[in-house]
Amino acid sequence: MSQMTIHLKIWRQAGPDVKGAFENHTLDTVNEHMSFLEMLDVLNEELVVAGKEPFEFDYDCREGICGSCNLVINGRAHGPKRLTAACQLHMRNFKDGDSIVIEPARAAAFPVIKDLVVDRSAFDRIIAAGGYITVRTGSAPEANSIPVELEDSTFSFDYAACIGCGACVAACPNSSASLFTAAKLSHLNRLPQGEPEREKRVIAMVEQMEKEGFGDCSNFGECEAVCPKGISIASIAEMRRNYVKATIAG
Amino acid sequence: MPSLLKALSSQVGRKLLTGLTGVALIVFIVVHLVGNLTLFGPPDAFNTYAYKLHSLGPLLWIAEIGLVAVFAIHSYIGLSIWWNRRRARPQKYHVYSSKGAPSRQSLSSKTMAFTGVVMLIFIVFHVRAFKYGETTMTSIPGVDYPVKDLKALVITSFLDPVMAFAYTFVMMLLGAHLGHGIWSAMISLTLSNPQRSAAVYTAGTIIAVLLSVGFLFIPLYIYFTGGQGALIQY
Ligand code: HEM
Ligand code: SF4
Ligand code: FES
């Protein structure tokens, strides 16, 4: 197992309204099997031992399903590897002696809370605006009572894979949240369960996305390239189509 | 549900409008190109085409006003999208780079505003030179009074190297604009099948190159043949 030396340049920011700056650190004990977040754990341990403040970064599952980790690594959301969340990224993707710049996702709608942690509650508000279905509460309904075409369930599932990490916003040159919003819409719109609110949903979520201060979409497609779940930009076209239908039906 | 005006000014509406106006402009330039290529047809084809177009009278004015409106809407929304990104990301990245395919960040997509603005400036000079420019008069079959000799105007204009190469340059920018533009309009307006995305992008690039080459062939051909090439009949 080979040891690597990694030079880190990490964003340090004490709070939302203070100015941040980069801090340089060198780690000599990185090994290729570490995940990117484990590498940061090691750094933080060293900092704590030395009586310094560790870097705040967001994580929960560390297996690519929760969407908490959202680091911009050398200018790319979630780092160099496609279809991989930062927590699933191994240090073997870097070389001995590499320099790595780590920044938080930068967008007006994602204010920095501390260091690398940003406030992504704008996403929650987009979901709250329309990303729900209406069902009778109580005992769980019988799963097979509503038939769903295989094509529709597959379509829906492809988009349900979105973990809300915000990499699409972080990487978009315009800071647009179109991919996230479109994924949530495509997830629900084709299912019979999502049908009753279909039109209301698309209008409300698009409105909320704009209200949160995300930018316009220029179809750059960078979102699809950084998305750890491979959500396709075609969902954005689907969102626009549904928006037109909902407006006409209005 | 939102009013039509509100819907059109939403982020989705704005994008539909850039897409629709973009497609309208493509239809316009295809017609324009077909018209231009009559330069290589029978001796009177180009002037006859121009004459017929002008004799449409009020119909032509309506089309021209429509075209100006389409240009205005397209440019205004396109440039505002480009401008607004500053507000959505006040603090820039220290390092930023694209993750590569399937990203469509390219020279073409990153320079949409630049190529657009250059084209807009170009159009002002272009209209002044060819629509309102001084011409000699000539005659065409079936018309018993003199008509503008636009063919001569075009040919003498492109014998000037500055004109010929400036046009060629701008037409290359048109190709660059459409390299991203055609694909982008499809995403704005229709395409929602992930499997077709790559094919649509490639088709868009090919159409962009064809249109660009179609236009820039004319000034280059005239310049390098001194207007005496076999393709132009007098
Ligand atoms: C013959 C001329 C033109 C044609 C055929 C054309 C075509 C297109 C097309 C098809 C698109 C893609 C639309 C979409 O994303 O949905 C586009 C985008 C764009 N156009 Fe044009 N365009 C022309 C002139 C202009 C001019 C004069 C300007 C500005 C001064 C301009 C600025 C833009 C910008 C900034 C975008 C990108 C919008 C975005 O970021 O979403 N274009 N154009
Ligand atoms: S669409 Fe992809 S990149 Fe965007 S929030 Fe969902 S999982 Fe993350
Ligand atoms: S920590 Fe859960 S996706 Fe990375």
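The model is predicted.

**Chain A in outline**

Start with the secondary structure. Chain A has 8 helices and 7 strands. Its C-alpha atoms fill a box of roughly 60 × 40 × 35 Å, taken along the principal axes. The chain has 250 residues, and 54% of them count as buried. Now look at the contacts in chain A with a separation of 6 or more. Of these, 70% come from residues 24 or more positions apart.

**The nonpolar cores**

In soluble globular proteins, nonpolar side chains tend to be buried together. Here the largest nonpolar core has 53 residues. Those with the most contacts inside this core are A:Phe110, A:Phe123, A:Val169, A:Val202, A:Phe214, A:Ile236 and A:Met239. Why does the core lie between domain 1 and domain 2 of chain A? Both domains give residues to it, so it lies between them.

Take A:Phe123 as an example. Which residues does A:Phe123 touch, not counting residues up to four places away in sequence? They are A:Phe110, A:Gly164, A:Gly166, A:Val169, A:Ala177, A:Phe180 and A:Phe214. Another core lies apart from the largest one. This other core has 31 residues, among them B:Leu39, B:Val154, B:Leu174 and B:Ile218.

**Ligand 1**

Where does ligand 1 lie? Its place is between chains A and B. In total, 27 residues surround ligand 1. The closest are A:Ser218, B:Lys15, B:His74, B:His177 and B:Ser184.

| Side chain | Atom of ligand 1 | Distance |
|---|---|---|
| B:His74 | nitrogen | 2.7 Å |
| B:His177 | nitrogen | 2.8 Å |
| B:Ser184 | oxygen | 2.4 Å |

Some elements give two or more residues to the shell around ligand 1. They are helix H2 (11-37), helix H4 (58-88), helix H6 (112-130) and helix H8 (161-189) of chain B. H2(B) gives the most, with 7 residues. By class, the shell around ligand 1 has 13 nonpolar, 13 polar and 1 charged residues.

**Ligand 2**

How many residues surround ligand 2? There are 13. The closest are A:Cys162, A:Cys165, A:Gly166, A:Cys168 and A:Cys227. A:Gly166 is also one of the residues that A:Phe123 touches. Helix H4 (167-171) and helix H5 (178-189) of chain A each supply at least two residues of the shell around ligand 2. By class, this shell has 11 nonpolar residues, 2 polar and no charged.

**A glycine in chain B**

B:Gly78 sits in helix H4 of chain B. Is B:Gly78 buried or partly exposed? Buried means under 20% relative accessible area, and exposed means over 50%. B:Gly78 has 28% relative accessibility, so it counts as partly exposed. B:Gly78 and B:Gly19 are 59 residues apart in sequence, and their C-alpha atoms are 9.8 Å apart in space.

Technical notes:
Residues are numbered from 1 along each chain as its sequence is written. Chains are lettered from A and ligands numbered from 1 in the order in which they are written. This is a predicted model: local features need pLDDT of at least 70, side-chain atom pairs count only at pLDDT 80 or more; totals for chains, interfaces and linings use all residues. Side-chain values use heavy atoms; hydrogens and water are left out. A nonpolar core is a set of buried Ala, Val, Leu, Ile, Met, Phe, Trp, Tyr and Cys residues joined through side-chain atoms within 4.5 Å. Buried means under 20% relative accessible area, exposed over 50%, partly exposed in between (1.4 Å probe, protein chains only). Domain bounds come from an automatic or database domain assignment. Contact means heavy atoms within 4.5 Å. A residue is near a molecule or strand if one of its heavy atoms lies within 4 Å of it. A polar contact is a pair of N or O atoms within 3.5 Å; within protein, one must be able to donate a hydrogen and the other to accept it, and residues adjacent in sequence count only if both atoms are side-chain atoms. Helices (H or I, at least four residues) and strands (E, at least two) are DSSP runs, numbered from the N terminus. Ala, Val, Leu, Ile, Met, Phe, Trp, Tyr, Cys and Pro count as nonpolar, Asp, Glu, Lys and Arg as charged, and the others, Gly among them, as polar.
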